[in-house]
Amino acid sequence: MAFFSQIADAFTLCSQPPAERPVRTTADPPMAPEDALKLLKDGNRRFVRGCPWGSATKDAARQQLVDEGQAPHTAIIGCADSRAPLETIFDAMPGDIFVLRNAGNTCTHAEGSMVGSLEFATGKLGSRLILVLGHTKCGAIYGATKTYLDAGGAGKKAGCALEGLLQDLGSVAQVAAEEMGAGASSDEVAAHAVKVNVFHTMNFLLKFSQSIREGVRSGQIEIQGGIYHLETGSVEFLGKSPAQKELLESAMPLPPSMVVPGDADRGVHGVRTGADERVPSDLALKMLKDGNERFAVGAVTASKTSGDMRKALVKHNQAPHSAILGCADSRVPVDTVFDAMPGELFVLRNAGNTCTHAEGSMVGSLEFCTGKLGTRLILVLGHTQCGAIAGATATYQSGASQAPGCALEGLLQGLASVAKETSEELGPNASQDQLVSHAVKVNVFNSMNFLLKFSEPLRELVRKGELDIQGGIYHLDTGRVQFLGRSPRQAELLASQLSLPPSMALGAIRTPQDGTLEPKLALKNLKDGNERFVVGAPIAKVHPNMREALATKGQAPHTAIVGCADSRVPLETVFDALPGDLFVLRNAGNTCTHAEGSILGSLEFCTGALKTQLIFVLGHTNCGAIKGATAAYLASKDAKRKKASQALEVLLSELGSVAAEAQAQCGSKATEEEIATAAVKLNVLHTMNFLLQYSQPIREKVRSGELEIQGGVYDLKSGRVEFLGQSPMQSKLVNSTTKAAPSLQQAIGGA
């Protein structure tokens, strides 16, 4: 039946044409898109089968078109290629189709002409179908593909209009190459690029024409795609764009080359000055996006500044709509990237668009811009192939931790936290290029988070809705900015109470006049101080008047620390603390195993008389005491244990219980090094438990909430402290009834 149906269809199509084909005029009603599409398909089938009805017209029909005007049922964007005559391909009459043609059936160039013409056809003439028609063996597409592939994706300045056209079609070739894969030949990529280009043009119409979008949304207009096959003469109809639903949400009213910023953008004096109203953050972001789109497509509108403009900037001061923290890389000229005029952008730049160094300068400048100048948008802008980020990643991977020998080494080490976070997120199998690419994004958010964490004026403006902080990445290869939005941590960081960057937060000496610091804030001081120590931005400096205050007013340490005597773990330095901040007790192994009375008595004095509310027990990696205790314990299992004859031997022997517990946890196959590593953490917990078990004053304060006991492990290699929290056995041990340590029980009455 299907065969006979096809035969019947062929006879119908190739039957005797009407004696006189009518022409469409404004006297005819608009044709529904599906009916117009059927006419195109029927006409193309007649053309393919060699039985067109022809387009011959008589004088009366031509006069009718003049008198009544045109009403084409379809508007077509086709290629200028002489082998693809559109009226012939669709066996159309004069007045049937509104034809636009250029090399490559594209809107890449002359976009305003193309879009404006289609808005005329669909608006004034009533056409309800737009067809974007590519064709096989398209010279423009094949040339663009060859240009892209030969250049290896790297563009060069066009020397003529043709080179400009081929380069701008490079994005189509790039998409086609990526979709076809590495094994595809140049011809295969070009053949696929023909289809990609059809959808690219359809998407352009949807993205940059408000009237066409509205027509599509309402169902009045359809945009379809097709490919004309030179070999067969048939048109392959592709349907609607897969991206249509998404692009209907576009808010772009005009193609980039036709956007001429008005007074709201450029200001009443042709440049933005203090005489202009403040720009809301959403509008400022839109201005950045529109400006970048103009830059990317080569349709910049920023003009030269005149003498009057410069005088206006002097007389009326500045009123930038956006503040941008960008990279100093010469390939990322921020004002140019956003097609901005003087007075529009308040630009801060350094290598790596970071606040790691010169943080006070960056934060202070942004507080000035948002506070005094009224700017309501901050954009942190990274870029692809960032040399600073690549260097920091390589530095982190090398494991170098020595003191920087120059400012550059300090910068790279300061960015190491970004490289570390990136490496942890991507895992060990990530390539160097993948690490650097992702680190660029991590660094943008890191800088955004820094601003939120360390500036109360910026936080307050964000809370009130008077400031927005956004991120973006500039792609060197395309010229386009990928806008990242707000930091995922913004809500959390708005609760920060820090008012100054670390390098500017000059501490004051603590004395009894400062009152007691609650455990939560004391622990935060330790964490913040350790972070400053790690990134190389310590602030602890002592002045003579500080020493005088300590001498005359006394001490009020916020934390008591039980640490190891190891010379590589200077506690005040590790926590970037000032004199008067920390009450420090140290011995080999940060333990209470020996000298327990001294340790307990000192802590009871600190938490009682000095009212300190946090005790922190700190172990460290590669601890010699723990290593020695582990070795002694393992050796004693293989040989008859002898009585210790030296204090050191007694110390190592008494720490053997920690080593025994570590071996039990690690298993019988664990190496001595693995056991010693585990024992470091267990020893911290052991000391915390000792304090709870053998000091009644300390237990009572913990029960009442007046005191916290926390633990941590200092990593010698990274400088970071791993904060362990409270002992898992605390809830049990606070109910102990033991009043004193074993060695003190007889001295205080056999308790």
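# Close-up views of a predicted protein model

The model is predicted, so local features need a pLDDT of at least 70 and side-chain atom pairs count only at pLDDT 80 or more, whereas totals for chains, interfaces and linings use all residues. Residues are numbered from 1 along each chain as its sequence is written, and side-chain values use heavy atoms, with hydrogens and water left out.

**View 1. Overview of the secondary structure.** The protein contains 32 helices and 15 strands. Helices (H or I, at least four residues) and strands (E, at least two) are DSSP runs, numbered from the N terminus. A contact means heavy atoms within 4.5 Å. Of the contacts with a separation of 6 or more, 75% are between residues 24 or more positions apart.

View 2. Two strands pair if DSSP finds at least two bridges between them. His135 stands opposite Tyr228 of strand 4. In a regular strand the side chains alternate between the two faces of the sheet.

View 3. Axes are lines fitted to C-alpha atoms, for helices over the stretch in contact, and angles run from 0 to 180 degrees between N-to-C directions. Thr74 belongs to strand 1. Is Thr74 buried or exposed? Thr74 counts as buried because its relative accessibility is 0%. Leaving aside residues up to four places away in sequence, Thr74 touches Ala36, Leu40, Asp96, Ile97, Phe98, Ser127, Leu129 and Leu131.

View 4. Asp67 is found in helix 3 (residues 59-68). With a relative accessible area of 57%, Asp67 is exposed. Asp67 and Thr26 are 41 residues apart in sequence, and their C-alpha atoms are 9.5 Å apart in space.

**View 5. Strand 6 and its partners.** Strand 6 (residues 322-327) is mostly covered, with six of its six residues buried. Strand 6 pairs in the parallel sense with strand 7 (residues 345-350) over six bridges, and Cys327 has Asn350 as its bridge partner in strand 7. Strand 6 also pairs in the parallel sense with strand 8 (residues 377-383), over four bridges. Ile324 stands opposite Leu379 in strand 8.

**View 6. Cysteines without a disulfide.** A disulfide is a covalent bond between the sulfur atoms of two cysteines. Here a disulfide is counted as a pair of cysteine sulfur atoms within 2.5 Å, and by this rule the count comes to zero. For Cys327, the nearest cysteine sulfur is that of Cys386, 4.2 Å away. Cys327 is buried, with a relative accessible area of 5%, whereas Cys666 is partly exposed, at 34%.

**View 7. The packing of helix 17 and helix 20.** Two packed helices are described by the angle between their axes and the distance between the axes. Helix 17 (residues 387-398) packs on helix 20 (residues 432-454) at an angle of about 115°, and their axes are 9 Å apart. From helix 17 the contact involves Ile389, Ala390, Thr393, Ala394 and Gln397, and from helix 20 it involves Gln432, Leu435, Val436, Ala439, Val440 and Asn443. These residues divide into seven nonpolar, four polar and no charged. Ala, Val, Leu, Ile, Met, Phe, Trp, Tyr, Cys and Pro count as nonpolar, Asp, Glu, Lys and Arg as charged, and the others, Gly among them, as polar.

**View 8. Two hairpins.** Strand 9 (residues 468-474) and strand 10 (residues 481-485) pair in the antiparallel sense over four bridges. Gly472 has Phe483 of strand 10 as its bridge partner. Six residues lie between strand 9 and strand 10 in their hairpin, and Gly479 in the turn has a positive phi of about 80°. Strand 14 (residues 708-714) and strand 15 (residues 721-725) run antiparallel and are joined by four bridges. Gly712 stands opposite Phe723 in strand 15. The hairpin of strand 14 and strand 15 has six residues between the strands, and Gly719 takes a positive phi near 85°.

Terms used: Buried means under 20% relative accessible area, exposed over 50%, partly exposed in between (1.4 Å probe, protein chains only).
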